[in-house]
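Try each task before reading its solution.

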Amino acid sequence: MAGEQGQTATSRDWADRAVAAIEADQHRSADTHLWKLDVTPLPGIDLYLKDESTHPTGSLKHRLARSLFLYALCNGLIREGTAVIEASSGSTAVSEAYFARMIGSPFYAVMPRSTSREKIAAIEHYGGKCHFIDDGRRIYAESAELAERLGGYFMDQFTHAERATDWRGNNNIAESIFQQMRTERFPIPSWVVMGAGTGGTSATIGRYIRYKRHATRLSVADVEHSAFFEGYSTRDAGCSSERPSRIEGIGRPRVEPSFVPGVIDHMLRIPDAVSIAAKRVLSRRLGRRVGGSTGTNFAAMCFHAARMVAAGQSGSLVTLICDSGERYANTYYSDEWLRANAIDPSPFEPVLESFLAGGPFELKLEESWR
């Protein structure tokens with residue numbers, strides 16, 4: 001009995017140190033900036049961009065990874081020496097590798113063998129190991145099997161994202177947005193707009209809006225080859241897509257367990273060519289590159305801003321810069337990649353530029369309300 005108590009105390013001591021290390025990292029990190037976009041031709045409409053690219057690991061997924069590790073540690077799911085496994089080849093894996101190294105846990109990212117060298121290098125930079133598979137459809141099953149073989153823990157962002165974050169506050173992204181908006185002309189946004197990846201961020205923001213009884217509405221933008229829009233529109237959680245999303249970080253082939261449609265007021269489906277066009281337009285206005293998912297967000301925000309202008313309404317809209325475009329030099333910023341994927345953004349760039357110059361918004365997008 002005494003030996004068991006000693007083992008428990010040692011295990012608790014390690015977990016306490018791990019949580020303290022993650023909390024200390026959070027306290028050292030400044031909040032991300034909320035940029036106001038200067039669009040003079042849209043009177044009465046203020047556009048804001050929450051810049052999540054400035055996190056230590058360069059993306060919105062830094063917040064998610066921190067929450068997932070704290071959730072697992074405080075639930076006793078990760079102990080000293082526990083290998084952590086995730087089904088991801090993108091920003092989530094990079095951020096989780098960062099926190100795994102911080103607490104001294106081995107980290108494995110399960111990913112398709114076709115994953116780009118840049119993404120592999122980013123994960124390995126933080127000490128993560130890449131476990132390659134040939135059939136991307138087996139990514140969840142292979143992750144669970146690897147965790148079992150290693151006696152490790154499958155983090156499973158797509159199941160745990162919505163429950164790992166305290167949606168009532170505690171420095172989550174929703175609380176940060178509303179605090180940063182307090183002294184603006186329209187402090188309560190008319191719309192918060194974002195894409196759906198795991199569904200965890202939209203769940204956090206939607207719940208927070210309701211908890212604080214704000215009049216803000218939440219619009220979630222989905223992309224081609226993703227099941228979220230269809231699942232939301234038909235109220236069928238069994239919807240699926242045979243092809244993977246081409247806009248990294250958002251869009252999923254199935255309706256993930258973390259997706260909470262009940263807190264979403266409205267959804268849009270954004271064609272991939274429009275996302276890329278919006279990414280280009282916004283990058284020029286900011287003077288720096290943003291990623292494809294940010295383009296999706298920005299296109300959706302312009303859609304809602306145009307509708308407000310047409311209705312004679314005033315107010316503010318907020319969306320996210322999910323990550324920097326520097327990770328996508330060989331994809332979204334490559335003409336060769338765009339041609340290979342039959343994506344032509346050129347017809348849509350002048351349409352968006354014209355709107356931001358005071359013209360009409362001449363894009364018809366598929367939408368759904370609840």
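Predicted model: local features only at pLDDT ≥ 70, side-chain atom pairs only at ≥ 80, totals over all residues.

Residues are numbered from 1 along each chain as its sequence is written, and side-chain values use heavy atoms, with hydrogens and water left out.

**Exercise 1.** Describe how α2 packs on α3.

Solution. 
- Step 1: find the helices, α2 at residues 61-74 and α3 at residues 91-103. Helices are DSSP runs (H or I, at least four residues), numbered from the N terminus.
- Step 2: take the axes, which come within 8 Å and cross at roughly 45°. Axes are lines fitted to C-alpha atoms over the stretch in contact, and angles run from 0 to 180 degrees between N-to-C directions.
- Step 3: name the arrangement. α2 and α3 are therefore oblique to each other. The classes are roughly parallel (under 35 degrees), roughly antiparallel (over 145), roughly perpendicular (65 to 115) and oblique (the rest).
- Step 4: list contacts (heavy atoms within 4.5 Å). Leu64, Leu68 and Phe69 are among the α2 residues that meet α3, whose partners include Tyr98, Phe99 and Ile103. By class, this contact of α2 with α3 has nine nonpolar, four polar and three charged residues.

**Exercise 2.** At what angle do α2 and α6 cross?

Solution. 
- Step 1: α6 covers residues 157-164. Its axis and that of α2 come within 9 Å and cross at roughly 85°.
- Step 2: that makes α2 roughly perpendicular to α6.
- Step 3: Leu64, Ser67, Leu68 and Tyr71 in α2 meet α6 residues including His160 and Arg163. The contact of α2 with α6 has five nonpolar, three polar and one charged residues.

**Exercise 3.** Why are α3 and α4 called roughly parallel?

Solution. 
- Step 1: α4 spans residues 117-125. α3 and α4 pack at an angle of about 15°, with their axes 8 Å apart.
- Step 2: α3 and α4 are therefore roughly parallel to each other.
- Step 3: Ala93, Val94, Ala97 and Arg101 in α3 meet Ala122, Ile123 and His125 in α4.

**Exercise 4.** Which helix gives the most to the lining of the second largest pocket?

Solution. 
- Step 1: α1 (2-28) and α2 each supply at least two lining residues.
- Step 2: α1 gives the most, with seven residues.
- Step 3: the lining divides into six nonpolar, three polar and three charged residues.

Technical notes
Nonpolar A, V, L, I, M, F, W, Y, C, P; charged D, E, K, R; others polar.
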